[in-house]
Amino acid sequence: MEKSLNWREFIITRAIKASGYSAVVFVLLIFFFLLREGLPALGEVDASSLLNIRWYPIEDHFGILPLITGSIIITFGAALIAVPFGIGTAVYISEIAPRWMREILKPLVELLGGLPSVVLGFLGILVLSPYLRILLDLPTGLTAFTGSLLLGGIAVPTVVSVAEDALDSVPRAYREGAWALGATKWQTIWRVTLPAAKSGVLTAVMLGVGRAIGETMTVMMVTGNAPVMATKLGSLFSPVRTMTATIAAEMGEVANGSTHYHVLFFIGMVLFLISLVVNVIASSVVFRSKKRAERILS
Amino acid sequence: MTNKILIENLSLQYSDGTESLRGVSMGIRQNAVTVLFGPAGGGKSTLLRCLNRLNDLTEIKASAGRILIDEENILDAKTDVIALRRKVGMVFARPVPLPMSIRENVTYGLELAGEKRKSKLDEAVERSLKLSAVWDEVKDRLNDPAIALSGGQQQRVCLARVIALQPEIILLDEPTSGLDPISTGKVEAALLELKKEYTIILVPHSIQQAARTADYAAFFLQGELIEYGEGKSLFTVPKQKKTEDYIMGRFG
Amino acid sequence: MMTKFLSRNRHTVQRLGFSFITLMAVMTVLPIVGTIIYILFQGGSAISWDFITGFPHDGMRAGGILPAIIGTLYLTIGTAIFSVPLGIAAAIYLSEYAKDNQWTRLIRLAIINLAGIPSVVYGLFGLGLFVLFLKFGTSILAASLTLSIMTLPVIISTAEESLRAVPQAFRTVSISLGATRWQTIRKIVLKEALPGILTGVILGLERAAGETAPILFTGAAFFLPRLPQSPFDATMALPYHLFVISTQVPEMPIQIQYGTALVLLVFVLTMNLIATVIRSRARARRQW
C-alpha cells in the first residue's frame with residue numbers, strides 16, 4: 001500500500017508543479033501567437049504608413065496613430081476620474097469609515113468590478129450619452145468624454161482595492177506615533193499614512209490605468225468610433241476610436257490572413273506590450289517596497 | 001538499560017543562519033525521560049526536529065553526522081520518513097488541535113496509516129486518551145471540535161494523538177509552556193506513566209520542570225552539548241561551570 | 001492663544017477633509033447602486049416566462065432570450081471545467097511547494113501579466129490558437145478555453161491567498177503524524193481553505209460570464225435558431241446578445257434591451273451574492 005501511495009503522490013506532485021508553471025506557458029503562448037499573426041503586418045505595410053494618421057482599411061490605409069491617440073485621450077480622461085475617486089474611496093474605507101460602513105462598501109466596490117462592461121456601455125448609450133449631449137450642447141453624446149466617464153468607473157475598483165491594501169499594510173504604530181505627537185487624524189493620513197503607502201498607491205494607479213487602456217466593450221459602444229486624431233483637449237468632446245475597439249469591431253469582418261487581419265493582430269501585440277510594461281513596472285514597485293519594508297523590520 | 005538512540009557528531013545549520021548544532025554526540029536511554037535544557041537558541045528544538053526528520057520541511061544549509069535509532073541511521077536518504085514519524089511522535093509547544101473533532105484528532109494518524117476498522121480505532125481512542133490522562137474529561141464529547149477544549153485539555157489530546165500511533169519514542173517541545181500549573185502537573189504525571197512504555201525526550205519550559213522530570217539531562221548552549229548525565233546528579237552537582245551558572249540563574 | 005487658534009483650525013480642516021473624502025466615496029458607490037436599481041426598474045416589466053424560456057424571433061425584435069441564457073451557462077461551465085482544476089493546482093504549487101526563488105518570481109510575474117492583458121487581446125489569442133491553429137472553429141470549446149486562461153489569474157491569486165491563510169502549524173502537525181505532503185494538503189489545508197477558494201472561483205467565473213470581447217471571435221454567434229448541440233458549436237451569449245441588440249439591430253424595442261441587461265445583471269449579481277455569503281459564513285465559522 002505504501003508503495004502505491006508513493007507512486008500516486010509522485011504523479012500528483014508532478015501535475016501540481018506543471019500547473020504552477022501554466023501561467024508562464026500561457027503568457028509565452030499568447031505572445032507567440034500575437035507575434036505569429038501580427039508581425040507579418042510589418043512586411044505587408046511599411047512602417048511609415050503604419051504610423052500614418054489615416055485609418056481606413058478598405059482603401060488600405062492602416063495608420064494606427066489615431067487609434068493610439070484615441071486610446072491615450074480616453075485613458076487620460078479615465079485616470080483623471082479614477083485616480084482621485086479611487087484613492088479617496090480607499091482612504092475613506094481604510095482610514096475614516098466605521099467598521100459597519102466598511103463591510104458594506106468593500107463588497108459594493110467589488111461588485112462594480114464585476115459589472116459586465118457591456119452593461120455599462122449599454123447604459124452609456126441609452127442614458128449617459130443623451131444626457132451629456134443636452135447638458136454640454138454637443139452634436140453627439142458618443143464622445144471620448146463619455147467613454148472616459150464610464151472607463152473611470154470601471155478602473156475605480158482596481159484602484160480602490162490595491163490602494164486600500166497598501167494603506168491597510170501601513171503598520172498601526174506609524175499612525176499611533178503621529179497621533180501621539182499631536183497630529184490630527186487628517187494630518188496623519190496626509191503626512192504619514194499616504195506617504196508610507198506611496199508605492200502601493202502608485203501601483204494601484206498604474207494597474208487602474210492598465211485596466212482602462214485594455215477595456216474594450218464600453219469604449220466601443222459609447223465613443224462614436226471615429227478614427228480621427230485626438231490631439232487637442234477639445235477632442236475629448238468629439239467621437240474617437242481606441243485600439244481595443246478597433247480590434248473588436250473589425251476582426252469579425254476581415255478575411256483570415258489578410259493584411260487587415262495582420263494589422264489588427266499587430267495592434268493587439270502593441271496592447272500586449274503596453275500591459276506587459278505597465279504590469280512589470282507596477283509589480284517591481286511592489287517588490288521593491290516589500291524589500292524595503294523587510295529591511296526596516298529586520 | 002540500552003541506548004535507544006545514538007547521536008554521533010551531529011552538526012546542522014539552517015539556511016537563514018539561525019540556530020544550529022555543532023558536533024553533538026549522545027546516547028539516549030530507553031524507557032526514561034531525557035531532558036534537553038538550556039537557553040533559547042541552544043539547539044534543543046533543532047535536535048528534536050532532527051529525530052523525526054521534521055527538519056525536512058525547513059531549508060537547511062549544511063548537516064553532518066548520524067542519528068541511529070535501533071541501530072539504523074535515520075538521516076540516511078533511504079529512510080522511510082513516514083514510518084519514522086509514526087515511530088517517533090512529537091508534541092509541540094503550543095497545543096495545535098487539527099480543525100476536526102476530538103475523536104478525529106486522535107484517529108488522524110492511524111487512519112493515514114491505513115487503519116479503517118472502527119473497533120480498532122475506538123480502542124485506540126480510549127487507550128490513548130486514558131494514557132494521556134484526559135479521558136474522563138472528554139469521553140462524553142468525543143465528537144465536539146477539539147478547539148473547544150481548554151488549553152490543558154487540548155495539549156493532552158495532542159499527546160493522545162501521538163500515543164494512538166503507538167510510537168516508540170515521544171518528543172515533547174516545551175509541551176507545558178502555555179499551561180496553568182494544574183494542567184502542567186497532569187501532563188507531567190502522564191509522562192511518568194508513559195515512560196514505562198516509551199522513550200521520552202522532553203524540552204522543558206523551566207529548569208524546575210527539568211529537575212522534576214529528568215531521569216537524564218543534557219545541557220545545551222549555543223548549539224553545543226555542554227554536559228550530559230543523570231538528572232539527579234546534574235542538577236545537584238553539575239560538573240561544568242557553565243551548567244552550574246545556568247542552573248543558578250546567572251544567565252539565560 | 002495662537003496654539004488654540006491653530007488647533008481649532010486644524011480640526012476644522014479635518015472636518016472639511018473628512019466630509020470631502022466621504023463625499024467622494026459616496027459618489028463612487030452611488031452610481032453602482034443607481035445602475036443596478038435603474039436596470040431592475042426598467043427591465044422588470046420585460047421579464048416574463050416566455051422571455052426567459054422562449055427563442056427570439058422577428059429578427060430578435062420579439063420573443064425570448066433562452067439561447068443566450070443557455071449559452072452563457074454553457075460558457076461559464078466550460079470555463080469552470082478548465083480553469084478551476086488548473087487554477088487551484090497552480091495555487092497549491094505556489095503556496096505549498098514552491099520555494100522563494102527566481103523561477104517562482106517568474107511565475108508570479110506571469111500571473112500578474114495574465115491579469116493585466118486586455119480582454120480583447122485574449123480574444124485575438126483564442127482566435128489564433130484555438131479557432132484557427134487547433135481548428136476548434138468558432139465554438140463553445142474555443143471560447144471556454146479563452147475565457148479559462150483569462151480567469152486563471154483571479155482563481156490562482158485568491159486560492160493561493162486562502163491556502164496561505166491556513167496556519168502553518170496544521171501542516172507541521174499533520175506531517176509529524178505520518179502524513180505525506182499531499183495527504184496534508186488534501187485532508188487539512190484544502191478543506192480549511194475551501195470557502196476562500198470557492199469565493200475566488202465564483203468571482204472569477206462571474207467575470208468570465210459577463211465578458212464579451214474574448215468570445216467575439218472565438219465562440220459567440222449573432223443569432224442561432226436552435227440551441228448548441230456540441231462543444232464544437234458556436235453559441236449565443238447574454239453579454240454579446242446585449243451588445244448586438246443595443247448597437248447592431250435597428251428599431252430594437254427598448255424593453256427587450258433592458259430585459260436582457262437585467263437577466264445578465266441578475267446572473268452576475270447572483271454569483272457575486274453566493275460568493276459573498278460563502279465568504280462571510282466561513283469567516284464566522286472559522287476555528288482559527
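The following paragraphs walk through three chains of a predicted model, from single chains to the contacts between them. Chains are lettered from A and ligands numbered from 1 in the order in which they are written, and residues are numbered from 1 along each chain as its sequence is written. In this predicted model, local features need pLDDT of at least 70 and side-chain atom pairs count only at pLDDT 80 or more, while totals for chains, interfaces and linings use all residues.

The C-alpha trace of chain A spans about 70 × 70 × 35 Å along its principal axes. Of its 298 residues, 48% count as buried; a residue is buried if 20 or more other C-beta atoms, placed from the backbone, lie within 10 Å of its own, exposed if 12 or fewer do, and partly exposed in between.

Within chain A, helix α8 (residues 144-168) has 25 residues and reaches 35 Å from its first C-alpha to its last, close to the 36 Å expected (1.5 Å times one less than the number of residues). Helix α8(A) bends by about 30° at A155(A), and the proline P157(A) follows within four residues; the bend is the angle between axes fitted to the seven residues ending at a position and the seven starting there. Because 23 of its 25 residues are buried, α8(A) is largely enclosed by the rest of the structure.

Strands β1 (residues 3-14) and β4 (residues 60-69) of chain B are joined by eight bridges, and E8(B) has R66(B) as its bridge partner in β4(B). The partner of M90(B) in β7(B) is L171(B).

How do the chains meet? Between chains C and A, 69 residues of chain C are in contact with 66 residues of chain A, contact meaning that the C-beta atoms of two residues, placed from the backbone, lie within 7 Å. The largest share of the chain C side, 16 residues, comes from α1(C). That side divides into 48 nonpolar, 18 polar and three charged residues (Ala, Val, Leu, Ile, Met, Phe, Trp, Tyr, Cys and Pro count as nonpolar, Asp, Glu, Lys and Arg as charged, and the others, Gly among them, as polar). The contact between chains B and C takes 19 residues from chain B and 16 from chain C.

Finally, F82(C) is found in helix α3 of chain C. This residue is partly exposed, with 18 other C-beta atoms within 10 Å. Not counting residues up to four places away in sequence, F82(C) touches S144(C), L145(C) and S148(C).

Technical notes: Helix = DSSP H or I, 4+ residues; strand = E, 2+ residues; numbered from the N terminus. Pairing = 2+ DSSP bridges.
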